[in-house]
Amino acid sequence: MFNIGDKIIYSSHGLCCIDDITEKTFSGVTKTYYVLHPLDNEKLQINAPIDNKSISMLEVMNKEEAEEILFLFTLPGIEWIDKSHQRIQIYNSIVKKGNRKEIAKIINTLMIKKHELESEGKKFPEFDRKLLVTIQHILFNELALSLKTTIDTIHQKVEKLLHIYDEAVTIES
């Protein structure tokens, strides 16, 4: 159970602040709800049932967890799936589970693939671009908050870590 004022990761909205905990009645059913808003959109109010099992609500990771996640960018990501339909399904199902380490692996793979394709003069698939932007925004914001830095700093650090990995792979080949 979260408290008023807590910052959490809420589903696809990312970092949110809990403004209130209240009982509300919708369609004749009364439940207890978190009333929250995304940190990057204070005008949006979200009412989330406390007992909702289908939506991911997580505590913000601590510094040690954030450092573990950053380390993952020095390792290979998740396997790239050539068939786009299959890739979309698998990557989305992983993201919906909310496991940050697995999401970091997807970001790793998508960033590397984007770099590879663009360096060959090819276009990065639009679905992959949208997924990357969305999950990067959520995870990098959380990492920035946990490590008391900015999202730009996290982005630069991840790119450097991926570059190190990229160089290590080139050297081994």
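The model is predicted: local features need pLDDT of at least 70, side-chain atom pairs count only at pLDDT 80 or more, and totals for chains, interfaces and linings use all residues. Residues are numbered from 1 along each chain as its sequence is written, and side-chain values use heavy atoms, with hydrogens and water left out.

**Residue R87**

- R87 is part of helix α2, residues 84-97; helices are DSSP runs of H or I, at least four residues in length, numbered from the N terminus.
- With a relative accessible area of 3%, R87 is buried (buried means under 20%, exposed over 50%, partly exposed in between, for a 1.4 Å probe and protein chains only).
- Leaving aside residues up to four places away in sequence, R87 touches W80, I81, D82, P125 and D128, where contact means heavy atoms within 4.5 Å.
- A polar atom of the R87 side chain lies 3.4 Å from the backbone oxygen of D82.

**Residue G121**

- G121 sits in the loop between α3 (100-119) and α4 (126-146).
- The relative accessibility of G121 is 67%, so G121 counts as exposed.
- From C-alpha to C-alpha, G121 and G28 are 57 Å apart in space, and 93 residues separate them in sequence.

**Largest pocket**

- A pocket is an open set of points on a 1 Å grid over the protein atoms alone, where a 1.4 Å probe fits, with protein on both sides within 12 Å along at least five of seven lines; lining residues have an atom within 4 Å of a point.
- The volume of the largest pocket is about 450 Å³, a volume being the space filled by probe spheres set on the points, with grid points joined across faces, edges and corners.
- Its lining has 21 residues, and S11, S12, V95, K96 and I138 lie nearest the centre.
- At least two lining residues come from each of α2, α3 and α4, and α4 gives the largest share, eight residues.
- By class, the lining of the largest pocket holds ten nonpolar, seven polar and four charged residues (Ala, Val, Leu, Ile, Met, Phe, Trp, Tyr, Cys and Pro count as nonpolar, Asp, Glu, Lys and Arg as charged, and the others, Gly among them, as polar).

**Second largest pocket**

- The second largest pocket has a volume of about 270 Å³.
- Twelve residues line the second largest pocket, and M111, I112, H115, E159 and L162 are the closest to its centre.
- Each of α3, α4 and α5 (151-172) supplies at least two residues of this lining.
- The lining of the second largest pocket divides into four nonpolar, four polar and four charged residues.

Terms used
A polar contact is a pair of N or O atoms within 3.5 Å; within protein, one must be able to donate a hydrogen and the other to accept it, and residues adjacent in sequence count only if both atoms are side-chain atoms.
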